[in-house]
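Trainee: I would like to learn how to read helix packing and chain interfaces. Please take me through them on an example.

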Number of protein chains: 4
Amino acid sequence: MEPVCLVIGAGAGIGGNVGRRFAREGYHAVLCRRSDQEGLDRLVSVIEEDGNSASGFLLNAVTENSIEERVAAIEADIGPIEVAIYNLGAQIGNRALANTSYKAFELGWRMGTFGLFRLASSVCPLMAERGKGAILVTSATAAMRGNAGQHSHAAAMAGRRMLCQSLNAEFSAKGIHIAHIVVDGAVDAPDTLGKMLGPERYRQLREARGMEHDGLLLPEKIADTYYHLAQQHRSAWTFEIDLRSFSDQPWWNHAIDLGDLG
Amino acid sequence: MEPVCLVIGAGAGIGGNVGRRFAREGYHAVLCRRSDQEGLDRLVSVIEEDGNSASGFLLNAVTENSIEERVAAIEADIGPIEVAIYNLGAQIGNRALANTSYKAFELGWRMGTFGLFRLASSVCPLMAERGKGAILVTSATAAMRGNAGQHSHAAAMAGRRMLCQSLNAEFSAKGIHIAHIVVDGAVDAPDTLGKMLGPERYRQLREARGMEHDGLLLPEKIADTYYHLAQQHRSAWTFEIDLRSFSDQPWWNHAIDLGDLG
Amino acid sequence: MEPVCLVIGAGAGIGGNVGRRFAREGYHAVLCRRSDQEGLDRLVSVIEEDGNSASGFLLNAVTENSIEERVAAIEADIGPIEVAIYNLGAQIGNRALANTSYKAFELGWRMGTFGLFRLASSVCPLMAERGKGAILVTSATAAMRGNAGQHSHAAAMAGRRMLCQSLNAEFSAKGIHIAHIVVDGAVDAPDTLGKMLGPERYRQLREARGMEHDGLLLPEKIADTYYHLAQQHRSAWTFEIDLRSFSDQPWWNHAIDLGDLG
Amino acid sequence: MEPVCLVIGAGAGIGGNVGRRFAREGYHAVLCRRSDQEGLDRLVSVIEEDGNSASGFLLNAVTENSIEERVAAIEADIGPIEVAIYNLGAQIGNRALANTSYKAFELGWRMGTFGLFRLASSVCPLMAERGKGAILVTSATAAMRGNAGQHSHAAAMAGRRMLCQSLNAEFSAKGIHIAHIVVDGAVDAPDTLGKMLGPERYRQLREARGMEHDGLLLPEKIADTYYHLAQQHRSAWTFEIDLRSFSDQPWWNHAIDLGDLG
């Protein structure tokens with residue numbers, strides 16, 4: 001039975017690329033995303049065309065029991081989850097307080113913080129019993145500082161970060177590697193950045209900063225670091241790491257959050 | 001009409017003492033707490049016996065519309081809220097992940113993060129229109145680092161901190177002073193520390209560390225700093241400040257969270 | 001014998017104003033600055049015209065034994081140093097690495113870090129023996145993050161901050177209150193900002209942002225917070241606090257260091 | 001001509017292992033250490049026995065021009081420095097302020113901060129002209145927080161960290177990858193930890209925590225992460241990363257600095 005790499009939030013950006021990378025290294029990738037069955041099938045096909053193995057499931061992470069039941073079904077039907085990637089964004093764009101509804105604020109928390117708590121509650125007992133596992137958590141600039149218009153996003157991502165620290169404090173000595181990965185910039189991802197900007201602005205941004213200047217984070221390169229983290233020897237584990245394009249400034253030197261999306 | 005100092009979370013610790021301090025300086029203190037009408041009445045009486053002015057209301061901060069309606073009623077019936085103190089704790093003691101229910105995690109967020117969002121959504125438009133106001137937010141060690149057993153508390157308090165940063169980014173230039181106050185140690189407060197430890201252990205702790213050695217934070221001394229923050233000239237505002245007993249180490253030098261409660 | 005408030009770095013900005021504030025509260029202010037006897041005499045006169053008491057000394061803080069001998073002489077001739085303010089800046093403006101000489105980098109450390117170490121080595125034994133004292137350290141944005149052109153300044157101020165944390169870890173329980181004060185913006189100070197910008201740009205900046213908009217930190221308002229810190233009860237001491245104008249963004253939301261000078 | 005990986009501080013711990021790892025990947029490793037010609041020769045031999053290429057030089061990093069001349073000689077005689085590892089520790093053990101001499105404090109800065117400044121001043125112009133290079137900087141818990149007895153070490157390492165941030169702000173867009181690597185725990189290194197503890201305590205510590213429990217960071221495993229950082233695609237560079245044993249708590253959850261040495 002192949003070890004499983006579960007990806008919650010597997011679009012065409014970080015999530016899909018990380019799944020493909022782990023599949024290439026011998027994991028069975030289980031890709032979960034909220035919608036777009038066609039896009040999901042395409043990701044699975046790409047991995048299978050590589051000669052590797054994957055499954056795809058639509059999963060609404062804010063629905064009750066969705067994560068819990070998926071974890072149980074994977075463990076029963078596919079194999080032990082060795083690596084779980086939590087890659088759900090909670091960015092809703094810049095919104096003044098007056099335009100941030102209670103509902104939006106709560107949804108930010110459900111996707112940004114609570115979903116990870118539910119995933120951890122589901123997989124940590126299994127991993128701890130096996131004495132082995134990794135939970136790699138995609139995070140964002142907003143986990144490190146609040147900013148204008150980021151009321152919902154920053155609160156949710158900061159909760160995510162401190163939850164990761166608390167999980168690490170309880171579970172690292174039990175063999176579970178928790179890593180909090182601060183993606184500090186815009187990712188070249190059509191499902192998130194593309195949708196946020198719209199096709200025309202996305203095309204312009206890619207032309208201005210894309211392949212040539214590497215101004216965007218390329219998700220297939222990000223995936224290399226995720227894989228490295230999962231392979232670190234337990235005598236030298238990383239809890240926190242940041243990632244950004246060489247041509248960008250880190251968050252402590254720039255003022256505007258371009259949209260830190262996976 | 002006196003300016004109002006609204007305290008959400010007015011027990012016999014930080015909240016009550018801060019209310020009394022502001023009342024002594026000419027504010028009308030509006031004290032709100034979840035339960036214990038008798039204790040609330042006692043706090044109001046103490047302030048009135050000082051020759052100052054206060055009101056008290058029972059308020060369950062997790063109930064829908066409770067904060068919103070209280071803010072509206074104060075503005076209509078008593079006067080403009082110049083200072084709002086958000087002093088609700090969200091500590092539930094140290095609990096392993098397996099013992100942290102979804103409900104407890106959500107309640108932590110409702111008290112630790114969402115309640116402040118609701119308060120800010122209610123008072124910021126009023127303060128911004130008047131070009132003046134202060135929101136002083138009690139916070140805890142757990143806002144700065146996660147720790148074993150702090151899954152719920154740390155996620156909630158970190159959300160609180162980053163929400164404060166986001167509020168500050170939008171509202172400081174509009175004249176609203178947001179301050180995030182990191183109370184990094186155990187407060188000598190019968191309603192919180194006393195209840196958490198039980199009467200006997202609380203008595204022992206006070207004897208061991210109390211008045212003589214100042215090992216606990218004394219809430220009436222904390223109140224001096226809250227008042228100073230509210231009086232800072234707008235050319236030199238503080239966003240973040242920490243407070244601890246001289247005989248304690250700061251969080252970055254100690255391992256255990258004794259319980260950072262107000 | 002009056003308690004002494006010693007100010008290292010007493011220009012017309014933070015240092016002079018803090019000295020005057022403490023003198024008003026009953027301290028004898030000892031003002032030390034590197035040059036400008038006339039300016040120093042003027043500061044002493046202003047305090048004496050208030051009806052309070054001060055002395056002034058020229059002191060080059062990078063000269064061997066200058067700080068050590070001044071401390072010894074004050075303790076012998078004037079009185080016990082209860083409060084020591086370390087207010088030396090180490091800003092040399094924005095300089096690319098190629099334009100930052102070894103000498104400039106070393107001078108930054110001598111003023112930014114080593115001078116405080118020498119002051120602490122001189123006064124901590126005296127204060128610890130008396131079980132009482134305060135060292136208030138002016139710091140800057142550069143203590144919190146490096147930035148382009150800040151090679152010397154950021155290294156020096158970060159050393160200052162961590163030295164403060166180490167001093168606090170050893171001496172707070174012995175009754176010495178160490179506070180690290182992050183002045184996160186431009187101070188309305190003719191001796192530093194005025195000289196850096198030149199008279200014309202300084203005049204323009206003050207007109208654009210000065211009294212009317214409080215865009216600059218006013219040093220006499222900063223002094224209020226220094227005094228508050230020195231008076232905090234030992235059960236509720238602050239180690240770190242930030243200060244900025246209401247109309248500025250904090251360092252984590254702005255990109256450029258305008259020059260954080262005292 | 002092979003690309004060069006220069007290691008300043010190449011003992012039998014992190015430095016030697018990182019050099020060996022890069023040599024295995026096709027770099028010529030230039031190993032520099034202060035003393036012990038025999039140990040240095042042994043490191044070079046081990047690499048050559050792997051079938052790879054290395055040189056060794058004794059270099060006292062606090063001596064004037066030592067780093068500068070070595071860089072110039074390497075570029076003239078061996079090849080372009082593509083990767084520079086700054087791995088000098090500045091730990092002097094826990095010393096109370098009274099036992100920390102001015103000389104020790106200055107030496108800490110010379111090794112901890114100024115040496116890196118000199119290395120960067122030497123290699124950055126070369127790397128920037130080539131549009132390519134990496135400077136990987138070993139750092140320690142003390143860069144993140146001061147602690148009792150760490151006056152010299154914490155000031156020096158904090159200066160190192162902020163210098164790294166300033167270098168990154170100026171040079172990342174010019175193609176130089178700066179990484180600040182926080183080694184947060186005790187490394188299984190005979191030259192540093194072994195010497196600090198003495199042979200008997202070192203043997204005991206290794207037996208208690210060593211190979212079996214991985215309680216020490218194993219330097220050959222640390223080297224994997226150094227190599228990964230140097231190979232990251234420029235669209236997804238890491239500036240800061242932490243490393244610790246799975247069985248240790250991170251610095252924000254532990255109180256004592258065991259000695260973070262390379």
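Mentor: Start with α4(A) and α5(A). On the α4(A) side, A:Ala104, A:Phe105, A:Gly108, A:Trp109, A:Met111, A:Gly112, A:Thr113, A:Leu116, A:Phe117, A:Ala120, A:Cys124 and A:Ala128 take part. They meet A:His151, A:Ser152, A:Ala155, A:Ala156, A:Gly159, A:Arg160, A:Leu163, A:Cys164, A:Leu167 and A:Phe171 of α5(A). Contact means heavy atoms within 4.5 Å. By class, these residues are 15 nonpolar, six polar and one charged. Ala, Val, Leu, Ile, Met, Phe, Trp, Tyr, Cys and Pro count as nonpolar, Asp, Glu, Lys and Arg as charged, and the others, Gly among them, as polar.

This is a predicted model: local features need pLDDT of at least 70, side-chain atom pairs count only at pLDDT 80 or more, and totals for chains, interfaces and linings use all residues. Residues are numbered from 1 along each chain as its sequence is written, chains are lettered from A and ligands numbered from 1 in the order in which they are written, and side-chain values use heavy atoms, with hydrogens and water left out.

Trainee: At what angle do α4 and α5 of chain A pack, and how far apart are their axes?

Mentor: Two packed helices are described by the angle between their axes and the distance between the axes. Axes are lines fitted to C-alpha atoms, for helices over the stretch in contact, and angles run from 0 to 180 degrees between N-to-C directions. Helices (H or I, at least four residues) and strands (E, at least two) are DSSP runs, numbered from the N terminus. Here α4 (residues 102–130) and α5 (residues 151–171) of chain A pack at about 15 degrees, with axes 7 Å apart. α4(A) and α5(A) are therefore roughly parallel. Angles under 35 degrees count as roughly parallel, over 145 as roughly antiparallel, 65 to 115 as roughly perpendicular and the rest as oblique. The crossing of α4(A) and α5(A) is right-handed. A crossing is left-handed if the near helix is turned anticlockwise from the far one by less than a right angle, and right-handed if clockwise.

Trainee: What are the angle and axis distance for α5 of chain C and α5 of chain D?

Mentor: The angle is about 150 degrees, and the axes lie 7 Å apart. That makes α5(C) roughly antiparallel to α5(D). The crossing is right-handed. Residues in contact include C:Ala158 and C:Met162 of α5(C), and D:Ala158 and D:Met162 of α5(D). The classes are twelve nonpolar, six polar and two charged.

Trainee: How do α1 and α2 of chain C pack?

Mentor: α1 (residues 14–24) and α2 (residues 37–49) pack at about 25 degrees, with axes 10 Å apart. C:Gly16, C:Gly19, C:Arg20 and C:Ala23 of α1(C) touch C:Leu43, C:Val46 and C:Ile47 of α2(C).

Trainee: How much area is buried between chain B and chain A?

Mentor: Buried area is the accessible area (1.4 Å probe) that two parts lose on being put together, summed over both. For chain B and chain A the value is about 2,900 Å², with 71% from carbon and sulfur atoms. B:Leu97, B:Tyr102 and B:Phe117 supply 23% of the area that chain B buries there, more than any other three residues. Now take chain D and chain A: about 3,000 Å², with 51% from carbon and sulfur atoms.

Trainee: How many salt bridges cross each interface?

Mentor: A salt bridge is a side-chain nitrogen of Lys or Arg within 4 Å of a carboxyl oxygen of Asp or Glu. The rule finds two between chain B and chain A, and zero between chain D and chain A. B:Glu106 pairs with A:Arg110, the closest N and O atoms being 3.5 Å apart. Over all chains, the search finds 49.
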